[in-house]
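Subject: Structure handover

Hi,

Here is the structure I promised you. Please open it beside this email and follow along.

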Amino acid sequence: MIKKVLIANRGEIAVRIIRACRNMGILSVAIYSKEDENSLHTQLADQRVCVGEGPAKDSYLNMDRIISAALNVDADAIHPGFGFLSENSAFVRKCKENGLAFIGPDADVIDQMGNKSQARQTMMDAGVPVVPGTRDPVYDAETGKKMAQEVGYPVIIKASSGGGGKGMRVAGSEEEFEFQFNLAQRESANAFGDDTMYLERYIQNPRHVEIQIMADSKGNVVALGERDCSVQRNHQKLIEESPSPAIDDSIRQKMNEYAVLAAKAVGYTNAGTIEYIVSPEGEFYFMEMNTRIQVEHGVTEMVTGRDLIMEQIRVAMGEPLSFSQEEVKLCGHAIECRINAEVPGLNFMPSPGVVQNVHLPAGNGVRVDTALYAGYRIPAEYDSMIAKVIVHAPDRPAAIRKMLTALDEMVVIGVDTNLDFQFQIIRSKTFGEGKVDTGFVEKFMKLKQPLPDVPEV
């Protein structure tokens, strides 16, 4: 049994996990940096422990301090949330060595799926469709150039240990390959301490669609439908929705089946996400697996009625999944907008500062995951996401209308946010028709105000 969970994270995801623990009668422990001393998660948890100074490397990434904190408060388990140490296999092993349950997959699985080129090989062996590309890792530009000729231009050069768009460059021809490869490799080495690369054929104007899976230690794996995450900037997602307006039931079923096959191929347990890239022709390919709960998990919760955080904790306790594949039904349509403290007009420059006042939207089918409150100071040290507005309605048009209402109602005073920018995207004709791809935001930014595809209100 898990009676006390230490949450190795901050912000809205820490608040989300605390609430799930409360609903299960489990005690929660918040860790915090000195910068986060007055954050909401420290006030809601049953206990709180300071683990260091403001910079993440001295606090939320300091494995030894976090483990010590968990042992000192007699915690049974650690929930990593997303980001920080959530996909760090060394941290998972430290938890196990100290008798702490890690609420997530095993370290070996994280290693296997965290290395992108190795994950590609695993999926190819399992029969899961992958983007045409290299099977073996690439270490130098000369070798990569030869492989790129076999793959066919344009190619995308990716870091094996990459994520969040780092260590990723597109080469449209042999002439520019070496420059782009060296650039991506340097970025990978700086960001991840790993200069191992791999190549894929660059799918132009694709959509990004992912499948949420849950797996227990009894061998049960269930797919909970898809999320369309195509609206993104620099590979960072801005809007997610479920179901995807771009795929039909036949493709949906195949994507779900392959996601389950992928999870079983690596002996996966707990929550995870199989991410696909979908071509304009409807062909889909495995892109990567995220071995953690996703930022956008609330979208899936809204359309399935399942609490994924509570399910994660149950699985970590050795319990079987509380539902079967046959019991998973997608009901209605959900959309999520990530609200960031940033200035879209200045290349999305972060906007830290004190929140003087805040009003959050509410009502039937409206959910806001946030750690904001009036007087809270948004620190400059961490990610700029301050809230997730999620709506649920019977169909996509109704969900769009509800999201417009929610965004219009939300007020954050004291810092700049992307609220207006998100509002303009949601009300655009392109988004309304569901004709977005991963390059949509860049195209959208080039349009001159007033936006030509935005109807007058």
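**A loop histidine**

His-235 lies in the loop that links strand 10 (221-233) to strand 11 (236-242). Helices (H or I, at least four residues) and strands (E, at least two) are DSSP runs, numbered from the N terminus. Buried means under 20% relative accessible area, exposed means over 50%, and partly exposed is in between (1.4 Å probe, protein chains only). His-235 and Met-168 are 67 residues apart in sequence, yet their C-alpha atoms are 9.7 Å apart in space.

**Before you read on**

This is a predicted model, so local features need pLDDT of at least 70 and side-chain atom pairs count only at pLDDT 80 or more, while totals for chains, interfaces and linings use all residues. Residues are numbered from 1 along each chain as its sequence is written, and side-chain values use heavy atoms, with hydrogens and water left out.

Five strands make an open sheet, ordered 3-2-1-4-5, with parallel pairing. Two strands pair if DSSP finds at least two bridges between them. Strand 3 and strand 5 (101-102) are at the edges with a single partner strand each, so one side of each has no neighbour in the sheet. Helix 3 (residues 63-72) packs on this sheet. It touches strand 1, strand 2, strand 3 and strand 4 (77-79); contact means heavy atoms within 4.5 Å. The direction of helix 3 makes about 155° with that of strand 3. Axes are lines fitted to C-alpha atoms, for helices over the stretch in contact, and angles run from 0 to 180 degrees between N-to-C directions.

Now look at strand 2 (residues 27-33). Six of its seven residues are buried. Four bridges join it to strand 1 (residues 4-7) in the parallel sense. Val-5 has Ser-28 in strand 2 as its bridge partner. Between these two strands the chain passes through helix 1 (residues 11-23), and this β-α-β crossover is right-handed. That means the path from the first strand over the helix to the second runs clockwise, with the strands pointing away from the viewer. Strand 2 also pairs with strand 3 (residues 47-52), in parallel over five bridges. There, Val-29 has Gln-47 as its bridge partner.

**Helix 1**

How many of the 13 residues of helix 1 are buried? Ten are, so the helix is largely enclosed by the rest of the structure. Among them are Gly-11, Ile-13, Val-15 and Cys-21. Gly-25 follows helix 1 and has a positive phi, near 75°.

**Two crossing helices**

The axes of helix 5 (residues 107-114) and helix 6 (residues 116-126) come within 5 Å and cross at roughly 95°. That makes the two helices roughly perpendicular (65 to 115 degrees; under 35 is roughly parallel, over 145 roughly antiparallel, the rest oblique). On the helix 5 side, the residues in contact include Asp-111 and Met-113. On the helix 6 side, they include Lys-116 and Met-123.

Eight strands form another open sheet, ordered 13-12-9-10-11-14-21-19, with antiparallel pairing. Its edges are strand 13 (284-290) and strand 19 (366-370), each with a single partner strand. Neighbouring strands are turned by 25° against each other on average, direction ignored. Eight bridges join strand 14 (residues 333-340) to strand 21 (residues 385-393). Ile-339 stands opposite Ala-387 in strand 21.

Best wishes
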